[in-house]
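Here is a short walk through one protein model. We begin at its surface and end with its charged side chains.

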Amino acid sequence: MNLKYRKTIIAGNWKMNKTITEAKTFADAIKPQLGRHKWCEVVLCVPGVNIPGMVRLFKDTRVAIGGETCHYEASGAFTGEVTVEMLKDVGAKYVIIGHSERRQYYNETDFTVNKKVHAALEAGLRPIVCVGESLEQRELGVTEELISYQVKVALAGLSDTQVRRVVVAYEPIWAIGTGKTATAEQAGAVCTHIRTIIRKQYGARVARAVTIQYGGSMNAKNAAELLAQPDIDGGLIGGASLKPDDFMAIINAANQE
Ligand code: PGA
């Protein structure tokens with residue numbers, strides 16, 4: 001973390017979990033403890049249908065609500081999809097773009113990621129752009145090249161001001177939902193690499209302002225060590241964000257410094 005230059009953001013990714021009734025139980029458990037979070041921003045990204053309910057549940061808190069994906073077109077014949085304006089209109093502030101599960105199961109590519117990032121920023125949403133390598137790619141030693149490519153394509157055509165509003169989440173695919181976490185050094189090194197890529201393209205001032213998260217089995221136990229890395233400015237958390245105590249422990253770890 002580097003609180004001088006950028007915000008720490010702890011974001012939950014609920015994926016396809018929790019009805020709004022279950023979300024209320026979560027909100028009741030976590031809201032009394034939230035007053036203590038000082039500088040880190042807290043976000044919960046949830047299934048689109050639950051965004052209005054979540055916005056209501058968290059309206060008197062500083063927790064921002066986000067979507068888990070969006071379409072890049074403004075409207076049209078795209079059965080089942082949701083536009084950025086629709087997300088904005090129901091109160092979302094963030095949207096996850098290019099999660100590896102979307103890339104794997106729903107044909108998300110680096111080029112659709114780029115279009116979605118543009119659409120989100122134009123609508124006033126902050127995109128959380130996910131990048132990350134598979135185990136095979138890591139073992140082949142192509143992690144840095146792959147991440148460079150993913151980051152460059154995702155951010156292509158953005159202005160400096162727009163890049164500052166992007167959150168990049170480094171999520172090694174082999175660590176997602178597996179209980180295997182990258183070591184703090186491995187995760188920190190890739191996040192530093194991401195900042196270097198941004199610096200080369202947009203300069204030092206923009207690069208140091210960008211929040212870069214780590215995601216992949218971040219939990220109550222390993223959060224503090226990961227967040228101690230200078231270029232890890234938060235987390236994108238799946239499994240542990242579903243449990244109020246675990247999610248709260250991660251928020252507290254981000255407020256330690
Ligand atoms: P996980 O998920 O924390 O359950 O590994 C992270 C993510 O997919 O964003």
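The protein exposes about 11,600 Å², and 53% of that comes from carbon and sulfur atoms. Accessible areas here come from the Shrake-Rupley method with a 1.4 Å probe, and for residues only the protein chains shown count as cover. This is a predicted model, where local features need pLDDT of at least 70 and side-chain atom pairs pLDDT 80 or more, while totals for chains, interfaces and linings use all residues. Residues are numbered from 1 along each chain as its sequence is written, and side-chain values use heavy atoms, without hydrogens and water.

Now look inside. Of the 257 residues, 54% are buried (under 20% relative accessible area; exposed is over 50%, partly exposed in between; 1.4 Å probe, protein chains only). The C-alpha atoms fill a box of roughly 45 × 45 × 35 Å along the principal axes.

Next come the charges. The whole structure holds eleven salt bridges (a side-chain nitrogen of Lys or Arg within 4 Å of a carboxyl oxygen of Asp or Glu). One of them joins Glu101 and Lys15, at 2.9 Å from N to O. These two residues sit 86 apart in the chain. Glu101 is partly exposed at 25% relative accessible area, and Lys15 is partly exposed at 22%.

Glu133 and Arg138 form another salt bridge, at 2.7 Å. Is Glu133 buried or exposed? Glu133 is buried, at 0% relative accessibility. Arg138 is partly exposed, at 23%.

Lys243 pairs with Asp246, with the closest N and O atoms 3.9 Å apart. Elsewhere, salt bridges with shared partners tie Arg6, Arg195, Asp231 and Asp233 into one network.

How values were computed
Helices (H or I, at least four residues) and strands (E, at least two) are DSSP runs, numbered from the N terminus.
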